[in-house]
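Student: Could you take me through one part of this model in close detail? I would like to see how a single residue sits in its surroundings.

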Amino acid sequence: MKPGIHPNYRPVLFHDTTSDTYFLIRSTAESDRTQEYEGETYPYISLDVSSASHPIYTGEQRQMKVEGRVSSFNKKFAGFPGGNSK
């Protein structure tokens, strides 16, 4: 392999914030943040979804409150001109 052309392949700490699970995996992902884990300091990347929290892998379905979001949006922007005029 040519020296100096490959990305830095090192251990990176990934944190699934939904399930509060940590994964220590070798990766080339860049991060400005660091976190201490098991006595060592690693580059840190937070995730919203991983295999620990994704419904396909966990077998659980999460329902979104779409109706609440839509009504909240309509209440917030009802007074604006050109808005909800029925």
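Tutor: S27 is buried, because its relative accessible area is 14%, and buried means under 20%, with exposed over 50% and partly exposed in between (1.4 Å probe, protein chains only). Do keep in mind that this is a predicted model, where local features need pLDDT of at least 70, side-chain atom pairs count only at pLDDT 80 or more, and totals for chains, interfaces and linings use all residues. Residues are numbered from 1 along each chain as its sequence is written, and side-chain values use heavy atoms, leaving out hydrogens and water.

S27 belongs to strand β2 (residues 21-27); strands are DSSP runs of E with at least two residues, helices are runs of H or I with at least four, and both are numbered from the N terminus. Leaving aside residues up to four places away in sequence, S27 touches N8, Y9, R10, V12 and F14, where contact means heavy atoms within 4.5 Å. A polar atom of the S27 side chain also lies 3.0 Å from the backbone nitrogen of A29.

Now for the setting of S27. The protein has two helices and four strands, and along the sequence they follow the pattern β-β-β-β-α-α. Buried residues make up 15% of the 86 residues in the protein. Among contacts with a separation of 6 or more, 35% come from residues 24 or more positions apart.

Methods
A polar contact is a pair of N or O atoms within 3.5 Å; within protein, one must be able to donate a hydrogen and the other to accept it, and residues adjacent in sequence count only if both atoms are side-chain atoms.
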